[in-house]
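This briefing concerns a predicted model and is arranged by topic. The sequence and structure come first, followed by the notes.

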Amino acid sequence: MAYSEKVIEHYSNPRNVGSFPKDEPNVGTGVVGAPECGDVMKLQLKISDNGVIEDARFKTFGCGSAIASSSYVTELVKGKHIDEAMTIKNTVIVKELNLPPVKIHCSVLAEDAIKAAIADWRKRKGDNGASGEQPHQSKEA
Amino acid sequence: MLKKPVYMDNHATTRVDSRVLDAMLPYFTEKYGNAASRNHSFGWEAEEAVDRSRNQIAALIGAKSKEIIFTSGATESDNLAIKGVVEFYKDKGSHVISCVTEHKAVLDSCRALERAGKATVTYLPVDKYGMVDPDAVRRAITDKTVLITIMWANNEIGTIHPIAEIGRIAKEKGIIFHSDAVQAIGKVPVDFEKAGVDLASITAHKIYGPKGIGAIYVRSKGPRVRLTPMMDGGGHERGMRSGTLNVPGIVGLGAACEIAGMEMSEEARRLIQLRSQLQAGLFERLDEIYLNGHPTERLPGNLNVSFAYVEGESLLMGINDIAVSSGSACTSATLEPSYVIRALGIDDELAHSSIRFGLGRFNTLEEVDYVTDRVSKEVKRLREMSPLYEMAKEGIDLKSVNWKS
């Protein structure tokens with residue numbers, strides 16, 4: 001299968017590969033996917049107290065498109081407020097990387113990773129995040 | 001000087017040997033007669049060439065020349081063998097025994113018969129090396145069994161099945177035994193007569209011959225095997241396969257078989273050496289890599305390994321000047337990895353990480369060294385990027401993780 005130039009570019013020069021220490025209070029970690037499905041993404045976001053994403057790191061087990069999707073996402077979210085980051089749709093990733101239909105699940109995974117990382121950060125902050133939105137768990141409580 | 005890209009996917013197909021091509025060429029432009037034309041020299045010339053090819057093939061596989069029926073390739077041969085036997089012997093029974101790691105041409109022929117209500121099929125499992133147990137074959141036999149179809153050697157993991165033992169069981173029980181021998185012929189010694197194989201599928205393009213030509217071996221005595229043909233027409237090939245013979249292709253298949261017969265033992269020795277070097281090099285440089293398939297009972301040119309924590313397709317992308325294949329099915333809609341690797345009972349994650357190296361006649365030591373180096377570097381790079389590798393290094397048992405997929 002032929003890959004788009006952008007996928008190849010991200011795959012060859014992935015941005016922001018690596019890990020932050022997981023226990024840092026301002027770091028949210030999202031791990032999505034499963035090894036048996038052939039895709040696991042770990043996205044970490046360093047988020048300021050007022051909810052701005054200051055830095056991002058990823059590690060991905062998956063095909064070239066999965067690696068490229070996560071690499072792109074780390075660039076995309078940097079500098080954004082988490083409220084805005086929560087609205088990022090996978091279609092943005094599909095468009096940017098010219099992903100073919102069989103690779104759309106990679107972009108979905110990347111979208112899920114953003115949400116998972118932010119949710120993790122909120123949990124760590126004890127629901128006192130700067131976002132106006134209340135986490136689900138406190139609503140249910 | 002190393003020529004790139006490096007081709008190391010010789011289970012998929014092979015380059016046509018120039019000696020094969022040379023033998024074929026006159027049959028396109030000079031000796032272009034129809035082998036069925038009985039009344040002029042063009043026809044006689046073509047028929048002679050076809051007869052010569054039949055002899056060359058028969059000599060390689062322990063057959064009589066009249067037992068060779070030409071087809072378009074192994075897919076057709078597999079279809080003809082399985083559907084042809086089930087149809088012809090339908091009054092005797094309708095049970096077929098096969099195996100889960102067979103080629104799709106066999107599995108899908110079996111499934112088509114099941115769907116049509118023409119047969120019930122038992123798909124035998126394999127052990128962790130991909131080998132079928134002859135006793136399991138014996139136990140699966142019922143009084144309705146008309147056909148056993150087990151491949152000689154597997155195209156992904158290279159495992160060679162105990163064909164002679166299965167052949168003995170088939171003979172003892174009076175059941176027809178078909179073997180897809182595509183990967184084995186010309187690579188390891190094959191003798192259908194001795195092995196008790198009654199039907200076998202052959203193709204030219206896996207043995208340095210052209211694509212689009214193959215054959216089916218049909219035993220003529222002890223027992224004489226009958227088939228219902230799939231194509232109606234001029235009654236060529238003793239009525240089993242109508243259609244004007246592909247004379248240049250047939251000449252190519254014959255020449256490929258003759259060369260294989262002359263060079264097989266030397267070539268196998270050389271390929272085993274290259275493969276051992278590749279295997280040793282990779283295992284030396286990398287931790288957590290696993291051999292798929294049988295450690296010894298395997299095709300000389302086959303090396304199938306899983307590089308844990310690295311997804312196969314991404315690895316292929318990183319080594320894009322090397323042609324190999326992967327058991328990862330990242331492109332398939334189901335997201336399921338190779339059914340052959342899964343049948344070995346290994347984790348799906350390792351199946352996604354599997355790479356098949358297929359060494360062949362034209363591979364060199366220099367290429368093996370290049371591939372070893374390139375693959376190890378890329379695996380290391382991708383592991384640095386792999387969250388699974390990181391977790392494993394932190395001592396986390398990946399099986400204990402509750403994955404949210």
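Helices (H or I, at least four residues) and strands (E, at least two) are taken here as DSSP runs and numbered from the N terminus. On that basis the elements of chain A follow the order α-β-β-β-α-α-α-α-α from the N terminus, with 6 helices and 3 strands in chain A. The model is a predicted one, in which local features need pLDDT of at least 70 and side-chain atom pairs count only at pLDDT 80 or more, whereas totals for chains, interfaces and linings use all residues; side-chain values use heavy atoms, with hydrogens and water left out. Residues are numbered from 1 along each chain as its sequence is written, while chains are lettered from A and ligands numbered from 1 in the order in which they are written.

**Chain A as a whole**

- Of the 141 residues in chain A, 51% are buried, a term that denotes under 20% relative accessible area, with exposed meaning over 50% and partly exposed the range in between (1.4 Å probe, protein chains only).
- Chain A has an accessible surface of about 6,000 Å², and carbon and sulfur atoms hold 52% of it; such areas come from the Shrake-Rupley method with a 1.4 Å probe, and for residues only the protein chains shown count as cover.
- Among contacts (heavy atoms within 4.5 Å) in chain A with a separation of 6 or more, 60% join residues 24 or more positions apart.

**Interface of chain A and chain B**

- The size of an interface is often given as the accessible area lost when the parts come together.
- Chain A and chain B bury about 2,400 Å² between them, and 64% of this area lies on carbon and sulfur atoms; buried area is the accessible area (1.4 Å probe) that two parts lose on being put together, summed over both.
- The contact involves 31 residues of chain A and 28 residues of chain B.
- Between the two chains there are 15 residue pairs in polar contact, both residues being at pLDDT 80 or more; a polar contact is a pair of N or O atoms within 3.5 Å, where within protein one must be able to donate a hydrogen and the other to accept it, and residues adjacent in sequence count only if both atoms are side-chain atoms.
- On the side of chain A that touches chain B, at least two residues each come from α1 (5-12), β1 (27-34), β2 (39-47), β3 (53-61) and α2 (64-77).
- That side of chain A consists of 18 nonpolar, 8 polar and 5 charged residues; Ala, Val, Leu, Ile, Met, Phe, Trp, Tyr, Cys and Pro count as nonpolar, Asp, Glu, Lys and Arg as charged, and the others, Gly among them, as polar.

**Salt bridges**

- The whole structure contains 38 salt bridges over all chains, each defined as a side-chain nitrogen of Lys or Arg within 4 Å of a carboxyl oxygen of Asp or Glu.
- The interface of chain A and chain B has 3 salt bridges, including the one between A:Lys103 and B:Glu313 (3.1 Å, N to O).
- A:Arg124 and A:Asp120 form a salt bridge with their closest N and O atoms 3.1 Å apart; both residues lie in helix α5 (residues 104-124) of chain A, 4 residues apart, about one turn of the helix.
- In this pair A:Arg124 is partly exposed at 38% relative accessible area, whereas A:Asp120 is buried at 18%.
- B:Lys171 and B:Asp198 form a salt bridge at 2.9 Å between the closest N and O atoms.
- This pair links distant parts of the chain, 27 residues apart: B:Lys171 is in helix α7 (residues 163-173) of chain B, and B:Asp198 is in the loop between α8 (192-195) and β7 (199-203) of chain B.
- B:Asp198 is buried, at 0% relative accessible area, while B:Lys171 is partly exposed at 33%.
- A network of salt bridges links B:Asp17, B:Arg19, B:Glu263, B:Glu267 and B:Arg361.
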